[in-house]
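Below are some notes for a colleague who is opening this entry for the first time. Please keep the sequence and the model side by side while reading the numbered points.

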Amino acid sequence: MVDDRAGGPMPDNGFQHPDPVSDAALDWFVHLQEAPQDRKLREQFQIWLDSDPRHAAAFAKLEAMWTLPELDIASARLAARLDETPKARVVPARRQVRRTGKWTKRLAALAAVMMVAIGIRSYPALMLRWNADHLTATGAQGEFVLPDGSRLMLNTASAVALDFEGQNRSVTLLQGEAFFDVVPDPARPFRVAGAFGDVEVKGTAFSVRTGAEDTVILERGRVEVSRQGDDAGHATLSPGEKVEVSAAGLSPVTGIDAESALAWRTGWVTFQEKPLADVLADLGRYYEGRILTLDGSIGRVRVSGNYRLADPEGAIRSLAEAAGVKVTRLPGGIIILR
């Protein structure tokens with residue numbers, strides 16, 4: 001059946017997009033997903049496409065959104081979190097029943113149209129808010145007491161999801177950096193999952209930071225770190241040690257000045273003889289604008305310092321001055337170093 005408003009199949013899901021053409025494109029998208037081999041349907045679809053250039057443009061936009069890597073990754077992660085398995089790390093109240101068949105396709109198509117409306121850049125942030133139990137904004141830190149009495153501190157732009165159902169004590173670091181001070185309980189190991197690695201403890205204090213790799217730093221106690229999906233690859237950390245976990249495996253365990261590395265907990269960033277590029281990348285996590293470097297040699301200059309995170313722009317300017325680098329600030333918080 002055809003919708004007289006814009007030439008699309010009659011919808012039966014109750015959703016109406018403010019733009020009739022986009023609404024019709026959504027309807028066609030859903031029906032074609034449900035019956036890809038229906039020749040008559042495809043003939044009607046082609047007539048609809050040819051009847052108005054706006055139709056083809058709207059449908060092409062939908063298809064382009066549907067094939068974006070960001071959507072595939074986010075959908076895969078969400079599906080994994082909604083899957084009811086013993087490894088699920090979602091708070092019970094957030095668990096949902098997985099839908100199959102027609103409604104999965106309809107909801108998926110609706111999600112694609114919503115992405116058109118809100119913009120692809122907003123989608124990851126919305127997914128993060130949907131999945132997170134605790135999160136912080138850029139430049140902010142937050143402290144939380146977990147259901148077992150353990151303490152969690154989140155660094156800038158960080159988010160976690162919790163699973164403390166039954167005997168579980170599990171946290172998934174969705175983004176950023178977190179410090180854990182775990183209440184001892186030998187019968188209930190405390191587990192933290194990053195992007196690549198898993199950390200298991202019974203009572204200790206440590207941090208996990210996720211990014212291109214997961215970095216685990218131990219302040220007190222003992223932790224076991226393993227690469228996800230690799231039972232053979234694991235490392236045991238002693239206080240003042242760190243290990244990194246990536247898709248390739250675990251790095252060697254190395255010593256680290258934990259007090260300096262974890263200075264963010266008291267609102268400071270500390271570094272000694274580090275390349276300016278590395279320092280700027282770290283400070284950039286606390287700065288809401290963008291930092292651009294026009295000369296690659298600038299990043300190789302080694303700097304030392306101790307700066308308050310409450311003023312990341314001031315820290316950037318001070319470092320630039322110490323390195324003999326000119327600073328230009330553009331509207332929108334863009335800082336250019338040259």
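Leaving aside its neighbours within four places in sequence, with which residues is Asp 185 in contact?

1. Asp 185 is in contact with Arg 169 and Lys 202 once its neighbours within four places in sequence are left aside, contact meaning heavy atoms within 4.5 Å. Asp 185 sits in the loop between β8 (177-181) and β9 (190-193), where strands (E, at least two residues) and helices (H or I, at least four) are DSSP runs numbered from the N terminus. Arg 169 is 16 residues away from Asp 185 in sequence, and their C-alpha atoms are 10.0 Å apart in space. With a relative accessible area of 22%, Asp 185 is partly exposed, a class that lies between buried (under 20% relative accessible area) and exposed (over 50%), using a 1.4 Å probe and protein chains only.

2. On the origin of the coordinates, this is a predicted model, in which local features need pLDDT of at least 70 and side-chain atom pairs count only at pLDDT 80 or more, whereas totals for chains, interfaces and linings use all residues. Residues are numbered from 1 along each chain as its sequence is written, and side-chain values use heavy atoms, with hydrogens and water left out.

3. The protein has an average pLDDT of 80, and 74% of the residues score at least 70, pLDDT being the predictor's confidence in each residue on a scale from 0 to 100. Two stretches call for caution in reading. Over residues 1-6 pLDDT stays under 50, and the model has 20 contacts beyond four places in sequence for them; over residues 10-18 pLDDT likewise stays under 50, with 19 such contacts in the model.

4. The structure holds 14 salt bridges, each defined as a side-chain nitrogen of Lys or Arg within 4 Å of a carboxyl oxygen of Asp or Glu. In one of them Asp 282 pairs with Arg 285, with the closest N and O atoms 2.8 Å apart, and both Asp 282 and Arg 285 are buried. These two residues also belong to a network of salt bridges that links them with Glu 177 and Arg 209.

5. Another salt bridge joins Arg 191 to Glu 200, where the closest N and O atoms are 3.2 Å apart. Arg 191 is partly exposed, at a relative accessible area of 38%, and Glu 200 is also partly exposed, at 31%.

6. Glu 313 is buried, with a relative accessible area of 19%, while Arg 317 is partly exposed at 35%.

7. Thr 172 belongs to strand β7 (residues 170-175) and counts as buried because its relative accessibility is 11%. Although Thr 172 and Ala 161 are 11 residues apart in sequence, their C-alpha atoms are 5.1 Å apart in space.

8. Two backbone angles deserve a look. Most residues other than glycine have a negative phi. Ala 157, in the loop between β5 (151-154) and β6 (159-163), has a positive phi near 45°. Glu 273, which is found in strand β18 (residues 268-275), also has a positive phi, near 50°.
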